[in-house]
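Hello! Here is the structure I promised to pass on to you. My notes on it follow just below.

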Amino acid sequence: MKTVEIEKALMNIDPISFERMIGDMVPYICKLKTSNSAHIEKIGVKHGEMRTIKGTPDIFIVSDTQNIAVQCSVDKKIEQKIYNDIEKCIKEFSKKDLVLNKIVFCCNRNIKIELINKIKEELSK
């Protein structure tokens, strides 16, 4: 399969397939060392079914050194989705009195560097 064909397929992927794919790739995305001490919980996937479950984060990783929240989206209006998901992750971890070291946002759209910088600026306040 050519790169362009893969890109087209990813642009049209359904939310559950995308989330399952990210769940399988998360150790590589987050550069986790393979060890028995890293636990990956796919919270947003209904196991044995082709549907997602509401909840935040979609994927939660606990390792020796950090807690990572992973959010997945195939939404076309990505800017507001990123803000909402980040806020939800922060609130969810605060409620549970957990330290959140990193939030990884995975989407099938290009995100402009200006948006990334804007989000970083907002979060640093």
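**Cysteines and the sheet**

With 0% relative accessibility, Cys 89 counts as buried (under 20% relative accessible area; exposed is over 50%, partly exposed lies in between, with a 1.4 Å probe and protein chains only). Cys 72 is buried too, at 9%.

Before going on: this is a predicted model, in which local features need pLDDT of at least 70, side-chain atom pairs count only at pLDDT 80 or more, and totals for chains, interfaces and linings use all residues. Residues are numbered from 1 along each chain as its sequence is written, and side-chain values use heavy atoms, leaving out hydrogens and water.

A search of the whole structure turned up zero disulfides (pairs of cysteine sulfur atoms within 2.5 Å). For Cys 72, the nearest cysteine sulfur is that of Cys 106, 5.3 Å away. For Cys 89, the nearest is that of Cys 72, at 10 Å.

Now the sheet: four strands form an open sheet in the order 1-2-3-4, with mixed pairing (strands are DSSP runs of E, at least two residues, and helices of H or I, at least four, numbered from the N terminus; two strands pair if DSSP finds at least two bridges between them). Strand 1 (39-41) and strand 4 (102-107) are at the edges, each with a single partner strand, so one side of each has no neighbour in the sheet. Strand 3 (residues 67-73) pairs with strand 4 in the parallel sense over six bridges, and Ile 68 stands opposite Lys 102 in strand 4.

Best wishes, and enjoy exploring!
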